Amino acid sequence: MPEIKNYTLNFGPQHPAAHGVLRLVLEMDGEVIERADPHIGLLHRGTEKLAETKPYNQTIGYMDRLDYVSMMCNEHGYVMAIEKLLELDIPERAKYIRVMFDEITRILNHLMWIGTHALDVGAMTMFLYAFREREDLMDLYEAVSGARMHATYYRPGGVARDLPDAMPQYLESRWRSKKEAARLNENRQGSLLDFTEDFTRRFPGYVDEYETLLTDNRIWKQRTVGIGVVSEDRAYQLGFTGPMLRGSGVEWDLRKKRPYEVYDRMDFDIPVGTNGDCYDRYLVRMEEMRQSNNIIKQCIAWLRANPGIVMTENHKVAPPRREEAKADMEGLIHHFKLFTEGYTLPVGEVYASIEHPKGEFGVYLISDGANKPYRVKVRAPGFAHLSAMNEMATGHMLADVVAIIGTQDIVFGEIDR
């Protein structure tokens, strides 16, 4: 009888569970994976190279488009690098706004993750539930920046504008009756902080719903328990960060270990797994959503009690106020020069990192004293996680690859850059 050979299978980029542009070349022995080789680069847009051709303040928009489900967190890493090199102090209120929106972004990211991960594994309802909550958070993005996703809200020296006093309202239309519009507008009558507070009251109940659907669901457990196990030591060696590292039992979170902005004043816990499998990473991320909700509550309380400026008074980096630019010739010239030429950074190099929803997101920046960086390098958390795909998938069945891609929470914008 002829010997059965391994055969090679292309998983993606067309496959719906490949999340857009992952091409996995799988070497299969029957249904069992012998080798998994991820081919990346199908979403490479040269972000880092483009950043080297533009003034510093024109690159913030590119950061939004790296990990396009955690928009403001990407901006945060980049803006912090610039502020570190400029030795720029930012107003206290801006720090709290940034922390609040970092946590809103973390919830947005984890909702996207649980929706798609569960959908890939076969739980359709989760996707619909998660997107219901994302809608409210997208409205918060839109209220502060005018865009639902690519906000460009964080600026060197603070944030673009203060939190608005009113929320956008739903209107009666062909698709939405007057009664339906009134129901949707019920909790939008106050300021953005009122709406956010209303969300933080409702959200723990929503997370309970997700847990009811999944945590003790026997199909979900069969698909995730014991799949893609990474030991604590191995997680260190593979360069894991974020929930991937904490799922393996390592209590490492930059918000606690190297606090930035005002995280040292926040009261929250770091969820840690024990087994390092897909199920533990699921539990870690679910608890992270609850902790983020608590942090947002603390920020709301502080922001209510402490009005103030949200942009630095240093006019080398901060644009003039709109009234000045409209009424005053010097203000107009200042505005024009700042947004076309930008500002120069002192010669030097800097690395700034934040606890991004997926792990450690870092920006390494070299300045040669010009108005644009000499070199920008983005440390994307997903890149290290995807490089462990072969190790995590070998010996598992083909269907488990889908669960492993889901648990890694991969977005290709940041991996291909």
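Across the whole structure, a search finds 34 salt bridges, a salt bridge being a side-chain nitrogen of Lys or Arg within 4 Å of a carboxyl oxygen of Asp or Glu. The model is predicted, so local features need pLDDT of at least 70 and side-chain atom pairs count only at pLDDT 80 or more, whereas totals for chains, interfaces and linings use all residues. Residues are numbered from 1 along each chain as its sequence is written, and side-chain values use heavy atoms, with hydrogens and water left out.

One of these bridges joins K358 to D67, with the closest N and O atoms 3.0 Å apart. This pair links distant parts of the chain, for K358 sits in the loop between β6 and β7 and D67 in the loop between α2 and α3, 291 residues apart; helices (H or I, at least four residues) and strands (E, at least two) are DSSP runs numbered from the N terminus. Both K358 and D67 are buried, where buried means under 20% relative accessible area, exposed over 50% and partly exposed in between (1.4 Å probe, protein chains only).

R188 likewise forms a salt bridge with D139, the closest N and O atoms being 2.5 Å apart. Because R188 lies in the loop between α6 and α7 and D139 in helix α5, the pair ties together parts that are 49 residues apart in sequence. Both R188 and D139 are buried.

Turning to R417, this residue lies in the segment after α18 and counts as buried at 10% relative accessibility. Leaving aside residues up to four places away in sequence, R417 touches several residues, including L43, H44, K377 and F412, contact meaning heavy atoms within 4.5 Å.
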